[in-house]
Amino acid sequence: MSTLSYKKFEDSDSGVLPDKMTVFQDCMQAFNASPVQAKRCRMLLARLLRLLYSGDSFPSTESTTLFFSISKLFQHKDVSLRQMVYLTIKELSKTSEDVLMVTSSIMKDAQNGDITYKPNAIRTLARVLDASTVNATERLFKNSVVDKNQSISSAALISSYHMLPVAKDVVKRWTNETQGTISASKVFLTSPVANHEQYGSQNLSSFIYQYHALGLLYHLRNHDKMALMKMIQSLSSNNVLKHPAALVQLTHYIAKVLETDSSLAGNFESYFEIALQNRSDMVALEAVKTIVTIPALSGLIVKAIYVLDTFLSAPRTVVRFAAVRLLNKISLTNPENIVVCNGSLEGLINDSNRAISTYAITTLLKTGNNDNVDRLIKTIAGFMDDISDEFKTVVIDSIRSLSLKFPEKHKSMLSFLNDRLREEGGFNLKNSIIEAIFDVIKFVPESRESCLEKLCEFIEDCEFTELAVRILHLLGNEGPKTSKPTLYIRHIYNRVVLENSIVRSSAVIALSKFALIGDASINKSISILLTRCLNDVDDEVRDRAALALKLLSTEKFDEARAFIDPGFSYSLPILEQKLAQYVNGDEESFNVPFDGSNIPKISEDEARAYEYKEKLNSIEESIQKESKQPKEEVSEFAKHNLLQQQYAQELSSIPELAAYGDLLRSSHVVDLTEKETEFVVTCVKHIFAGHIVLQFNVENTLTDLQLDNVTMVSEPDFDEFVEDFVAPIESLKPQTTGSSYASFTRSETLEGCLFTNNLTYIAKEVDPATGEAAEGDEGFEDEYRVESVDIVPGDFIVPSFAGNFTSVWDSLPNPCSSVFNLSDAKGIADVVAKLIKDSSMSPCDSSELVGSHASHTLKLFGKSINNENIAAVIRFVYKESVGVMVKVEAKSVNAGLGTFFANEIIV
């Protein structure tokens, strides 16, 4: 029958599910008839399975009745009917009772049945067995696993996997057979039908059983790390696995191992090199994905990019999509490595699949340079009308990151964003465009006026209240800083006249901020406009206008300025925590007003420095999204503030430290021992006005030893640091962590020091039954040497933002420079990342992005704990023969800090 005319003969009710009771009655009648009509029974079983597969079910009584009626069909020898019987029994066994009654019939077919339905019998047998009967089938499953027929072997392996929750100990008994199956050679069915389908084929095996056996072995050994490692290393070293799915699965397992222990990466490099050359594209793509995800395999990234470059021209759409998607991921962390693929990526811009073209464009944007940015943006504008809002948002996000990377190209990017802003689109698209323009205003100060003009045009016809409120807030903050602030007052007041009450309230606050300029004529105009707002129908608008007029009419203008535009912000997470503690306190706590003096205040420059860093690092979140465990989205700024507050609370609870005053800065955690040692020690350096406190966190990983009087003896190599006191850990039970403190008085100058550390303690053996040390056991004194702690320049510096680094650099006095040679360094990128972390300064002008392997310049800016500016220009040159040569130039208001930074930032 022709496929073109087939639809004419199709039943009009073919899409309607059959009636459940009708099917039940017909099945009961046909299955109990004598003789059994095989063809009719197959059709009824097909209808019954259609009901079950669609989510319908039968009550337990009816299901049991059907189950035993179907079991009568075992008497018929029809092969096709027997296959349908097994499919139906497997589904009905979930709701039927006494299913074990058919075990003997199923086992008979599983042992001596026809090869066509023998795999079905094995699968069904696994569904009807329970923990009490599975032991009797051990020999059957062992023989099936090692069967030469791959269909039977695969059925036994899959059935074993399903039996793990019921009888894992029994399944473990055929681990050796499963191991042998991976390297065994098996064939397809030997029936005439199978031979006809495989006529002319040189290989009658698909090796799919390797995938099933590998999955089962992993579940049997995933709790034994040594056995699992032995299996993975054995399979990766010899060329046993043939099936692509098995190789992909093995790659998954290797990735899991390397996530927990990256030091093993060298053992698998040869495997990945072979996998990259595999003729199966999914094996090569999985190997590339693992190389991109695991940092320890970064040495193979160049070979992986070469493979992806070849896949960009593959005829299959899915292969091209996977390749360009992986290149997009690589461009997030190593954009300089995929420049060689730019030619192929440009060829995909006009690909018929818009998802591929969008990924190609965004990847090119991430790898763009000053020479091709304008051309890329013009190319993007040509196909933006043909893609959905979702992909438009992806492109806008790439433009936003590019604007931070190349601030000198902001004009062409703003023109592109403005054109997209005028087009039709949903809230998410408009919001992403507004976010991109906001970032350009914040981090490219010279673009402020042109950006504000475009935003003023947009709010004239903005249909989204939330966006209008945010734009008005920005106009109030940035408008007064422009050369002609009166240009924006008209646009803001138009919102008071034409918009809803929410927008009008925001417009009133924005207008009041323009009065802070101090111009008498502007203040008079603002007062007239705010007076008109006193007659508004909404009380919120009236109240805000009245408050603004009251503040503007006061003689204490500086207080009014501090109230309307304070110039700093509070740490919101800590403010929320303090308010919650105050509200949830007892009645007596309300007799005292809420005290906000101990809440940290964040300067505008410091907030922008953290925000700038988050914007540049936000791309890495797309890599983490593929992890199975969803991670809570908390900004780095909020985590930093919460951690600082936690340290401040812990230190203030110690009486000796409470008198030191405010905590100025706490360093990141420094490891003093390896993670695998019996005592894991880390250190945090806390800086106060006249003191430095070393917090040593000690973890006792032993299970049979208790430590008492745990003390860290720290000796400085500089006489200016004088020990005040040491707070030991009284008792450290097995597998617990405690903190010991050492306080030192420091000089007013910002200087470095090296502390040598020695852990002393009294060790006592612990009774395993009680978990306590024996009474009267005095223990024995012992000591444990740990790494030294170095006070570095970054311990006295907090990051800050500089919109125009060149002008800031030129304005700072006290230059100082030093030269270093890092012979052990393998590249500039690693040194740059380490210096940014150690210096605690904010990178400027996107200098943290290393674009060349041969040379680079890093620009850093920050402020000391005494609020003194410091800037640094660090130049790198890499030669394979000598390593990385570094020249550090620093300028600071504090001459001692600049010298300290230049001489000691590289240790």
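Contact here means heavy atoms within 4.5 Å. This is a predicted model, where local features need pLDDT of at least 70 and side-chain atom pairs count only at pLDDT 80 or more, while totals for chains, interfaces and linings use all residues. Residues are numbered from 1 along each chain as its sequence is written, and side-chain values use heavy atoms, with hydrogens and water left out.

**View 1. Asn120 and its neighbours in contact.** Leaving aside residues up to four places away in sequence, Asn120 touches Gln83, Tyr86 and Leu87. Asn120 sits in helix H6 (residues 118–128); helices (H or I, at least four residues) and strands (E, at least two) are DSSP runs, numbered from the N terminus. Asn120 has 14% relative accessibility, so it counts as buried (under 20% relative accessible area; exposed is over 50%, partly exposed in between, using a 1.4 Å probe and protein chains only).

**View 2. Helices H24 and H25 pack at about 145 degrees.** Here H24 (residues 448–459) meets H25 (residues 465–478), with the axes 10 Å apart. Axes are lines fitted to C-alpha atoms, for helices over the stretch in contact, and angles run from 0 to 180 degrees between N-to-C directions. The crossing is left-handed, meaning the near helix is turned anticlockwise from the far one by less than a right angle. Look for Arg448, Leu452 and Leu455 among the H24 residues, and Leu467, Ala468 and Glu478 among those of H25. This contact has 11 nonpolar, no polar and 2 charged residues (Ala, Val, Leu, Ile, Met, Phe, Trp, Tyr, Cys and Pro count as nonpolar, Asp, Glu, Lys and Arg as charged, and the others, Gly among them, as polar).

**View 3. Helices H27 and H28 cross at roughly 160 degrees.** The axes of H27 (residues 501–514) and H28 (residues 520–532) come within 9 Å. The two helices are therefore roughly antiparallel (angles over 145 degrees), and their crossing is left-handed. Val508, Leu511, Ser512 and Phe514 of H27 make the contact with Ile522, Ile526, Leu529 and Leu530 of H28. By class, that's 7 nonpolar, 1 polar and no charged.

**View 4. Val884 in strand S19.** The strand covers residues 883–892. Val884 is buried, since its relative accessible area is 0%. Its contacts, not counting residues up to four places away in sequence, include Phe820, Leu822, Ile828 and Tyr878. Val884 and Asp824 are 60 residues apart in sequence, but 8.1 Å apart in space, C-alpha to C-alpha.

Note on methods: Parallel < 35°, antiparallel > 145°, perpendicular 65-115°, else oblique.
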